[in-house]
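I hope they are handy to keep beside the model.

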Amino acid sequence: MEARTLHTRLAALAIGVAVAVCAIALVFWLFPAQSQVRDGVNYGYVYSGAKSSSVDFAEAGMTDESMIVFGSSEFSTPKRLVPQVPSEVFGTADYGLNLMLIGEAFDQSLWHTIALGAFEGSGIPQRKVAIIAAPGWFTDGGQDAETFKTRFSYSLYRAFCANENVPAEAKEYVRSRLEQQGIDEMQLNAASPTLPQDHLNAVALDALDDLKLRQSLIEVRGKGMERIESDTPATPDFAALRAEAEKTGAEMSTTNDWGVEDGFYTEQLEPVLADLEDSRAGETYSDTPEYDDLACFLDVANACGIEVLVVLSPVMAPYYDYIGIDAQARENCYSHVREIAQSHGAQLADFSDREDEKYFLYDIVHFGWTGWIDVEQSLYDFYRKDA
C-alpha cells in the first residue's frame, strides 16, 4: 500500500513538473524574448516606456549609426501637430544617423542616470548620447515620490548596478536618491544582492520584470517604421526644413499671439487662462535635487567615456511671465544647467534664448515646428563631429 502511495505521489509530481514546463514553454512562445525585433524595422522613434526600459530590445533595434537621446514627454509630440518631429526627419531618409529615443513623460535626470548606466553596460554606438534637459524637471521640491515610483524600472536599475564601469560613488548616490523616493528596500537589495534572500528576491524580480516587459513589447513591435538605408547617406537641408517649419507653424497657430498650436490653445489653455495669472509666482527653480541628479548623469558618462550633448530647452516666456515665473527665476534654471554641463565637459545646445520665438514651441514647453528642426540640427552636428 505504501509503495502504491509513493508511486502515486511521484506520478503526480511528474505530472505537475510537466505541466509547469509546458506552462513556461507556452509563456515563452506567447511572449518572445526582449531581444527579438523584426528585420528591417526602425523602433528608435516609438514612444514607449517598455522600449525605454528594455536594454535588450533597444540594443537589438540599434545600428552602428544609432545615437541614444534621453528625454521625456517631448518624444510624445504627434506628427499630425508637428510634422518636424524626429521620426519624420531622420526616420524617413538616410542621413547616416538614426535616433534611439529613450524615455517618456516623468522620466527625469535620476531615471536617465540609471538608464545610462544600464545601456552603457551593453554598449553604446560611437560612445555618444544626448539628453534633453527640460526646465519642468527643475521645479522647487523636485519630482514627487509617487510619480517617480510609476516610472521606476527594476530591470534598468539591476543593469545599472551590474555595470562595473559605473563608479561606486554614483551607485551610492543613486541608491540614496531611490531611498528618498520611497523605492522598496527589497528591490534595491535584489538589484545588487549580497545576502541569500537578496539573491532569491533577484531571481523572482528578474523573472517578473522580464515577463512584464516581454508582454508589453508585443505591442511595441507592431509600431516600428521601415528602416531607410542607402549606400550614400544624404545631408539634411536644415535651412529648407526650417523655412517649411516656419510656414507650418504660422498655419497651425492662428488663434493666439503666442504661436501656440490652435487645438492646444482653444481646448486646454484658453478655458483656464484667467485662473492661471500669477498662480506660480513663488517658483524659484533653485530648491531641487534635480541639479545633483543631472550632475550624476554626467559623472557616469565621463567615467564610462561617453560624450554627452545636453540640449537645454526653453519655456514660452509670455506664458511663464503671465503665471508669475519671471525671467530671473527661469534664468536660475538655465544658468544651473549651463554650469553643470560646462563643469563636466559636456557639449551644450542652449536654446534658452528662444523663449520669445514664435513656433519654437508648439504648446508652452514642448519643441514645436522650428524648435525640433534646430534641435535635430544640433543632434546631427554633434553626432557627425569628428566622424
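1. Helices α7 and α8 run roughly antiparallel to each other (an angle over 145 degrees), because their axes cross at roughly 155°. Helix α7 covers residues 154-162 and helix α8 covers residues 168-180, and the two axes come within 10 Å. Axes here are lines fitted to C-alpha atoms, for helices over the stretch in contact, with angles from 0 to 180 degrees between N-to-C directions. Helices are DSSP runs (H or I, at least four residues), numbered from the N terminus.

2. The crossing of α7 past α8 is left-handed, meaning that the near helix is turned anticlockwise from the far one by less than a right angle. On the α7 side, Tyr157, Phe160 and Cys161 make the contact (heavy atoms within 4.5 Å). Their partners on α8 are Ala170, Lys171, Val174, Arg175 and Leu178. By class, this contact has six nonpolar, no polar and two charged residues. Ala, Val, Leu, Ile, Met, Phe, Trp, Tyr, Cys and Pro count as nonpolar, Asp, Glu, Lys and Arg as charged, and the others, Gly among them, as polar.

3. A word on the source: this is a predicted model, where local features need pLDDT of at least 70 and side-chain atom pairs count only at pLDDT 80 or more, while totals for chains, interfaces and linings use all residues. Residues are numbered from 1 along each chain as its sequence is written, and side-chain values use heavy atoms, with hydrogens and water left out.

4. Next, helix α5 (residues 109-120) and helix α14 (residues 290-303): their axes come within 8 Å and cross at roughly 15°. That makes α5 roughly parallel to α14 (an angle under 35 degrees). The contact uses Ser109, Leu110, His112, Thr113, Leu116 and Gly117 of α5, and Glu290, Asp293, Leu294, Cys296, Phe297, Val300 and Ala301 of α14. These divide into seven nonpolar, four polar and two charged residues.

5. Which residues lie nearest the centre of the largest pocket? They are Ser73, Gln108, Ala134, Gly136 and Trp137, from a lining of 22 residues. A pocket is an open set of points on a 1 Å grid over the protein atoms alone, where a 1.4 Å probe fits, with protein on both sides within 12 Å along at least five of seven lines; lining residues have an atom within 4 Å of a point. The lining has 10 nonpolar, 10 polar and two charged residues.

Notes. Helices (H or I, at least four residues) and strands (E, at least two) are DSSP runs, numbered from the N terminus. Angles under 35 degrees count as roughly parallel, over 145 as roughly antiparallel, 65 to 115 as roughly perpendicular and the rest as oblique.
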